[in-house]
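Please keep the sequence and the coordinates at hand while reading.

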Amino acid sequence: MQLPFSTLSWQGELPGALRLLDQTLLPAQEVYIDLVRLDDVVDAIQRLAVRGAPAIGCSAAYGLVVGVQDLVDDSTAAVRARLGTVAPALIAARPTAVNLEWAVRRVLARLDALPADASGRLLVETALAEARAIEAEDVEQCLAMGRHGAGLLPREGARLLTHCNAGALATAGIGTALAPMYTAHDQGVPLMVYADETRPLLQGARITSWELTRAGIPVTLITDGMSASVIGSGRVDAIFVGSDRVARNGDVCNKIGTYAVALAARAHGIPFYVVAPLSTFDPESRTGADIPIEERDPDEVRAGALGAVAPSGVAVYNPAFDVTPAELVTALVTERGVLERPNLERVEGLLREGGRIA
Ligand SMILES: CSC[C@@H](O)[C@@H](O)C(=O)COP(=O)(O)O
């Protein structure tokens, strides 16, 4: 499947640049930015120029390279000392999507395994190779999730609902929650998708409806407040969403508003599927209560696309994510297959098989 845009890529060799499609400008403009400074990578992650858990992970891995590549002719000690400040800066950029910390730690572990007398150049080249491997694996995992998820859809067609954007713009590949849609569409299965607009930053309206439209998949945009009624009126056959962090017991953290969709799905007997790679699972979070929830700038809620939508000083609570309890999740779809009725025992089994826990 050839996508008509590239969410993220590494340009050149060393020195090179992290190229991102600036998602803050979509759908009005398709602008690519080349980042060669660590601060710019951190800023791009924080202001959501790149967003979505796997895409943030890939970007952070390349961000490590951006942060040390000027030391390519320097000593190992110099590169390692710089990594000591670059890695925490990237990890702190956003707290909820665990792929970010997972990717940074994976690159660092690869560098730690190098011999003590490895050159600075070898360290930087190895960091780039590992970041490229993370990106390539993400592409493959998206395809696998697409195949597994598409198998859940009736061949005669389906009407689906999604929240936020867990598509190609949230990964290096064809997405997580949207991957089954792309795969089924390619297989000739007729689909239509309701996209929640996803206040306050409108990832559903600005991004999901843009990328599904470009893929030729019919999409109908609804406001967040409409989803329960749309589900209740019999217009939806299944829900597909992504995740920023899945806890060990199967609780799922995703964009604020996902929990309300899960409750409506359960009330109306509609399957609620969460599609996420194992890199989104966090064995350290025993339940959803352990997951740090990012709180963002109140002005994101006070002002929308039309300018001010609330009095300038009004108090605002702006959590970016919520947690859906495992019992509301019909199945978790990962690159390894479909895990029905997730709970602690089943998720631990999956993590063990996938080499994430001993
Ligand atoms: C495959 S992306 C999964 C999640 O990261 C996605 O659903 C989501 O909530 C993204 O939030 P965002 O704040 O846009 O980064």
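In this predicted model, the crossing of helices α5 and α6 is right-handed. Helix α5 comprises residues 120-150 and helix α6 residues 179-186; their axes come within 7 Å and cross at roughly 70 degrees. Since angles of 65 to 115 degrees count as roughly perpendicular, α5 and α6 are therefore roughly perpendicular to each other. On the α5 side, the contact is formed by Cys-142, Met-145, Gly-146, Arg-147, Gly-149 and Ala-150, which meet Ala-179, Pro-180, Tyr-182, Thr-183 and Ala-184 of α6. By class, these contact residues comprise 7 nonpolar, 3 polar and 1 charged.

Helix α5 also packs against helix α2, which spans residues 53-68; here the axes come within 9 Å and cross at roughly 170 degrees. An angle over 145 degrees counts as roughly antiparallel, and α2 and α5 are therefore roughly antiparallel to each other. The crossing of α2 and α5 is left-handed. From α2, the residues Pro-54, Gly-57, Cys-58, Ala-61, Tyr-62, Leu-64, Val-65 and Val-68 take part, and they meet Val-124, Ala-127, Leu-128, Glu-130, Ala-131, Ile-134, Glu-135 and Asp-138 of α5. This contact of α2 with α5 contains 12 nonpolar, 1 polar and 3 charged residues.

Gly-173 is placed in the loop between strand β4 (158-162) and α6. Leaving aside neighbours within four places in sequence, Gly-173 is in contact with Asp-138, Val-139, Cys-142, Leu-143 and Ala-168. Among these partners of Gly-173, Asp-138 also belongs to the contact of α5 with α2, while Cys-142 also belongs to the contact of α5 with α6. Gly-173 has 29 C-beta neighbours inside 10 Å and therefore counts as buried, the threshold being 20 or more. Gly-173 and Ala-55 are separated by 118 residues in sequence, yet their C-alpha atoms are 9.0 Å apart in space.

The annotated positions come next. An unreviewed UniProt entry places the feature "active site" at Asp-244. This residue lies in the loop between β7 (238-241) and β8 (245-247). Asp-244 counts as buried because 32 C-beta neighbours lie inside 10 Å. Apart from residues up to four places away in sequence, Asp-244 touches Ala-53, Thr-96, Ala-97, Cys-253, Asn-254, Thr-280 and Phe-321.

Asn-254 lies in strand β9, residues 252-255, and counts as buried because it has 29 C-beta neighbours inside 10 Å. Beyond four places in sequence, the contacts of Asn-254 are Cys-164, Val-241, Gly-242, Ser-243, Asp-244, Phe-321 and Thr-324.

Where does Arg-94 stand, buried or exposed? With 22 other C-beta atoms within 10 Å, Arg-94 is buried. Neighbours within four places in sequence aside, Arg-94 is in contact with Ile-45, Gln-46, Ile-56, Leu-100 and Glu-294.

Methods: Residues numbered from 1 in each chain as written. Predicted model: local features only at pLDDT ≥ 70, side-chain atom pairs only at ≥ 80, totals over all residues. Axes fitted to C-alpha atoms, helices over the stretch in contact; angles between N-to-C directions. Helix = DSSP H or I, 4+ residues; strand = E, 2+ residues; numbered from the N terminus. Parallel < 35°, antiparallel > 145°, perpendicular 65-115°, else oblique. Left-handed = near helix turned anticlockwise from the far one by under 90°. Contact = placed C-beta atoms within 7 Å. Nonpolar A, V, L, I, M, F, W, Y, C, P; charged D, E, K, R; others polar. UniProt positions renumbered as here; feature names shortened; annotations may be inferred. Buried ≥ 20, exposed ≤ 12 C-beta atoms within 10 Å, placed from the backbone.
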